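Reader: I would like to go through this structure with you. Please show it, and I will ask how the terms are applied.

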Amino acid sequence: MDYKDLANLIFPDINGIEYYEKKYPKRNLKEGAIVTRVAPSPTGNVHIGTLYQGFVAKKVAKQTEGVFFLRIEDTDQKREVENGINQIISAFSNFGIVPDEGMISETEEKGEYGPYKQSKRKEIYQAYAKYLIEQGKAYPCFCSAEEIEQMRQKQEQAKIRPGYYGVWAKCRKLSIEEMSEKIKSGEKYIIRFKSPGREDRKIKHHDVIKGNVDFPENDQDIVIIKADGLPTYHFAHAVDDHLMGTTHVIRGDEWLSSVPLHLQLFHELGWKPPKYVHIAPIMKNDNGNKRKLSKRKDPEAAVSYYAEEGIPQEAVKEYLLNIANSNFENWRRTNQDKSIDEFELQLNKMSVSGALFDMVKLLDVGKNVISKYSSEKVYEEAYNWAKKYDEELLELLQNKEYSLKIFSIERGNKKPRKDIAKWSDVKNSIIYMFDEKFFSKKQDYQYQIINNKEDISKILNLYIEKYYNQEDDKQTWFDKIKELSGELGYAKEVKEFKANPEKYKAHVGDVSTVLRVALTARTNTPDMYEIMRVLGKESIKKRFEIAKN
RNA sequence: GGCCCCGUGGUCAAGCGGUUAAGACAUCGCCCUUUCACGGCGGAGACAUGGGUUCGAUUCCCGUCGGGGUCACCA
């Protein structure tokens, strides 16, 4: 009996690897084209880090006219979540990240290198496992979970490196006959890789981001096929990325330490390994300590959070790009109106250590992004957001024409307002402009310098009866407020007032404040001239009436 | 604990042996101004630490300290 017989005994009905090698030929791409992928597990709410990786992966593929695909890593059925694949797909597509190949729904996919769902690739992995067994490079292991656990405890007590290797790799030493005996008698087993590595030897590795990293060789006989017949991550990675023609494996740097294993797997399988691009995770400050953004503890770790808050996907992408390549900010400043697609991302310029997530900065990016939008675009985005997350806002936005007027206030000029950072800010910034909302609630008028009822009434009455004219241009409009101020004994110029404070009760600015507060019940608003024009005389009049009481 | 990675202002970060150590966000002050925002100007604020190497180290080497990752039939 030899290895070949053993392989046949374990995997009797499995194809030879030639079949797959032929089925998935090398990709025909232009020189330098990069093939990347994002390979999440369908375990529920998508993590911002996964989005980050996918975004980077898609961008570099696109930059080189390569391919970006989505592979679903569902080899751990225990962790699987219903509708997990759809969640991933929509999380990406909400950010405009659409794969060239891969899963496009829970069950459908596109592309020539599939299946793109690992649970559907079982026979493929088994074919390669069989191949390794034939070569004497893998073997069945009959150790039970309990035995392995006991072994680990022994190792820990003896303070030696834990794991299944060297003298501890019991089943490795079984003869082929012993193995087949056990199999035939129905003993349970899994398949382990027979590592040719030695811990006292070093390997050199060049990571695209981390640079040169030396490791001890891997000497662990890791599991490649689990009891359920599905592969472990390591084995699936090697098989899939080889067959799918991935040139650059972009993944979180928690994988860095398994590079020796992966390289070894590629080597023993006779394949050229891909380039590895280990991205530092996005971190969070937790009581002075850094830790990875956690889905359980940090709402902002979930991609869905950004949609809920109404942070524009463009802002999130720009922020991420900022973390990825810090020269993006400079590029953005000199290329104000260009699409981020035109920015060339360089993998080797990515930071080696994890950045702390900075919501303040993200929101600042959001402000800038939104400030460049037209009022139509603001309306449309706010409307779409409100449809899902804010009924009251949606109700306001039903009046499109009027909403558009509000959004046009101080927008479209060279110095646009920047007071909306996310769509959830919109309601508060416009609600007082709607009569039905404004009048339906008792407003709290915080008058400032001029705060006596009589003075206020005088100002409001005189203004609406004598001065206000909807047709006035801005200069005339303001000149009239000055005149009104003069008429009632207030200084017409602030400077004048400051020079002779004893001569006046207050100044034109204070008068304006009275108008502003009466009009909006706020002390801070956008340009009052524009507000009045949008509101119209009737509304102004009514607002004044209420404000007087 | 072993192995690996990292350490420039509060945060993100330029920097590749000689720099007044960029820039952005945040912060403070001033200006603009009828409020706020915008914008403009300015301020404060950093090379973790100890040894080397060198004429010269933020940059190179070693130690220390600090942070992170990893050591599964999870990915």
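Author: Start with the hairpin formed by β12 and β13, which has two residues between its strands. Asn-287 in the turn has a positive phi of about 55 degrees. The model is predicted: local features need pLDDT of at least 70, side-chain atom pairs count only at pLDDT 80 or more, and totals for chains, interfaces and linings use all residues. Residues are numbered from 1 along each chain as its sequence is written, while chains are lettered from A and ligands numbered from 1 in the order in which they are written.

Reader: What makes β12 (residues 283-286) and β13 a pair?

Author: Two strands pair if DSSP finds at least two bridges between them. Four bridges join β12 to β13, so they pair. They run antiparallel. Lys-284 stands opposite Arg-291 in β13. As for the names, helices (H or I, at least four residues) and strands (E, at least two) are DSSP runs, numbered from the N terminus.

Reader: How do you know that β6 (residues 190-193) pairs with β9?

Author: Two bridges join β6 to β9, and at least two are needed, so they pair. Here too the strands run antiparallel. Ile-191 has Ile-225 in β9 as its bridge partner.

Reader: Which strands form the open sheet, and in what order?

Author: The order is β5-β6-β9, three strands with antiparallel pairing. Its edge strands are β5 (138-141) and β9 (223-225), each pairing on one side only. Neighbouring strands are turned by 45 degrees against each other on average, direction ignored. For such angles, axes are lines fitted to C-alpha atoms (for helices over the stretch in contact), and angles run from 0 to 180 degrees between N-to-C directions.

Reader: Why is Glu-65 called exposed?

Author: Glu-65 has 12 within 10 Å, so it is exposed. Glu-65 is found in the loop between α3 and β2 (67-70). Its phi is positive, about 55 degrees, although Glu-65 is not a glycine.

Reader: Is Asn-83 buried or exposed?

Author: Asn-83 has 11 other C-beta atoms within 10 Å, so it is exposed. Asn-83 sits in the loop between β2 and α4. Its phi is positive too, near 65 degrees. Most residues other than glycine have a negative phi, and most peptide bonds are trans.

Reader: Where is there a cis peptide bond?

Author: The bond from Gly-114 to Pro-115 is cis, with omega near -5 degrees. Pro-115 lies in the loop between β4 (109-110) and α5 (122-134).

Reader: Which residues of helix α4 (residues 84-94) are buried?

Author: They are Gly-84, Ile-85, Gln-87, Ile-88, Ile-89, Ala-91 and Phe-92. What covers them includes α3 (48-63), β3 (101-103) and α10 (303-309). Gly-96 follows α4 and has a positive phi, near 70 degrees.

Notes:
Buried ≥ 20, exposed ≤ 12 C-beta atoms within 10 Å, placed from the backbone. Contact = placed C-beta atoms within 7 Å.
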